[in-house]
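Good morning, and thank you for the time.

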Amino acid sequence: MTSSREPIVVLSIVVGVIAALIFAGVLVALLVFTVRYRDPRRGTAPQIHGHRTLELLWTAVPLALLAIVFALSLVTLGQIGQGATFGSLEPPLRISVIGHQWWFEFRYPGGAIVANEPHIPAGVPIELDLSSADVIHDLWIPELGAKSDVVPGQPNELRLFTARAGTFAGACAEFCGLEHAWMRLRVVAEPRADFDRWLAGQAAPASGDAGHGLDVLRSAVCSSCHVVRGQVEQTSESSIGPDLTHVGSRATLAGGVLANTADGMRAWVGDPQRYKPGALMPKVPLSAADLDAVVAYLESLR
């Protein structure tokens, strides 16, 4: 097995073959009867009133097919729900996932916190502890076959696995408000050594170029919602906005709305409501010089 998607793919193929055979059988019967009895003057089909063998067949065959699909579905559910180890000798990695309007927060053992762009080690079972900070969300990573509701007040769990490195797109699959369509994520699977280096870097305090941008970030309302570990402490008790400690290393901003470039960061910080109407991040009145300083600072946080 190469990922937790494989059992679902196998089940889909089996069900597809069964459905195709049924379709072909019905189509052939339809063509035969249409051609053979198209002219009433050449006779009509035999009128059968009660045929025990035929009645048993058209009852038993569908029941047998449904029983096969049901049994295979139970096996598939068991394979997905057993921790998705698929023979891996590695212990599972547990990651806490919190759904927000409209972004996903990932908290790793050791203190690393990222938004929308989690990394996972290839060949290691992943167990996600799901919770929501507001409304019902749904974490879906199609290529990994993973999908589960994220319900406020009701912890849930999602298991996934991939043996190959790569980047897998994901999204929220439960309508959760105005910007539901821009609640996307990128799962980066990489070799264990690369993942360990990434995790150590993400867990470390910020090491960006402290300067005027940091002063602006501290004095503006940004610290009411965001944290830059080691440099900016959040003034509110709850997590409102993403942790910005290593925001410069992410590929996208605002759940996939903008590319994480200097221009993209400037556009987002300058007027977030223009790009993601309804987001909790307000437009902060900054001078051009202050905005440039904040952008330079945030882009240095890698």
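Asn-116 lies in the loop that links strand E3 (113-115) to strand E4 (119-121). Please keep in mind that this is a predicted model. Although Asn-116 is not a glycine, its phi is positive, at about 70 degrees. Is Asn-116 buried or exposed? Asn-116 has a relative accessible area of 8% and is therefore buried, the cut-off being under 20%.

A second residue of this kind is Ala-254, also not a glycine, with a positive phi of about 60 degrees. Ala-254 sits in the loop between strand E11 (252-253) and strand E12 (258-259). With a relative accessibility of 17%, Ala-254 counts as buried.

One further backbone feature deserves mention. The peptide bond that leads from Gln-101 to Trp-102 is cis, its omega being near 0 degrees. Trp-102 belongs to the loop between strand E1 (93-100) and strand E2 (103-107).

The protein has 302 residues, of which 39% are buried. Its secondary structure consists of seven helices and 12 strands. Of the contacts between residues at least 6 apart in sequence, 64% connect residues at least 24 apart. The exposed surface comes to about 16100 Å², with 63% of that area supplied by carbon and sulfur atoms.

I turn to the cysteines. How many disulfides does a search of the whole structure find? The search returns zero. Cys-172 is itself buried, at 6% relative accessibility. For Cys-222, the closest cysteine sulfur belongs to Cys-225 and lies 8.5 Å away, so this separation is likewise too far for a bond.

Next, the sheet. Five strands form an open sheet in the order E4-E10-E9-E6-E7, and the pairing is mixed. Which strands stand at the edges? They are E4 and strand E7 (146-150); each has a single partner strand, so one side of each has no neighbour in the sheet. From one strand to the next, the twist averages 25 degrees.

Within this sheet, strand E6 (residues 137-141) and strand E9 (residues 166-172) run antiparallel and are joined by two bridges. Trp-140 stands opposite Ala-171 in E9. Helix H3 (residues 192-203) packs on the sheet, where it touches E4 and strand E10 (184-190). The direction of H3 makes about 140 degrees with that of E4.

Finally, I come to a pair of helices. Two packed helices are described by the angle between their axes and by the distance between the axes. For helix H4 (residues 212-219) and helix H7 (residues 288-299), the angle is about 105 degrees and the axes are 7 Å apart. H4 and H7 are therefore roughly perpendicular to each other, a term that covers 65 to 115 degrees. Which residues meet where these helices pack? H4 contributes His-212, Gly-213, Leu-214, Val-216 and Leu-217. On the side of H7, the residues are Asp-290, Ala-293, Val-294, Tyr-297 and Leu-298.

Conventions: Residues are numbered from 1 along each chain as its sequence is written. This is a predicted model: local features need pLDDT of at least 70, side-chain atom pairs count only at pLDDT 80 or more; totals for chains, interfaces and linings use all residues. Side-chain values use heavy atoms; hydrogens and water are left out. Helices (H or I, at least four residues) and strands (E, at least two) are DSSP runs, numbered from the N terminus. Buried means under 20% relative accessible area, exposed over 50%, partly exposed in between (1.4 Å probe, protein chains only). Contact means heavy atoms within 4.5 Å. Accessible areas come from the Shrake-Rupley method with a 1.4 Å probe; for residues, only the protein chains shown count as cover. A disulfide is a pair of cysteine sulfur atoms within 2.5 Å. Two strands pair if DSSP finds at least two bridges between them. Axes are lines fitted to C-alpha atoms, for helices over the stretch in contact, and angles run from 0 to 180 degrees between N-to-C directions. Angles under 35 degrees count as roughly parallel, over 145 as roughly antiparallel, 65 to 115 as roughly perpendicular and the rest as oblique.
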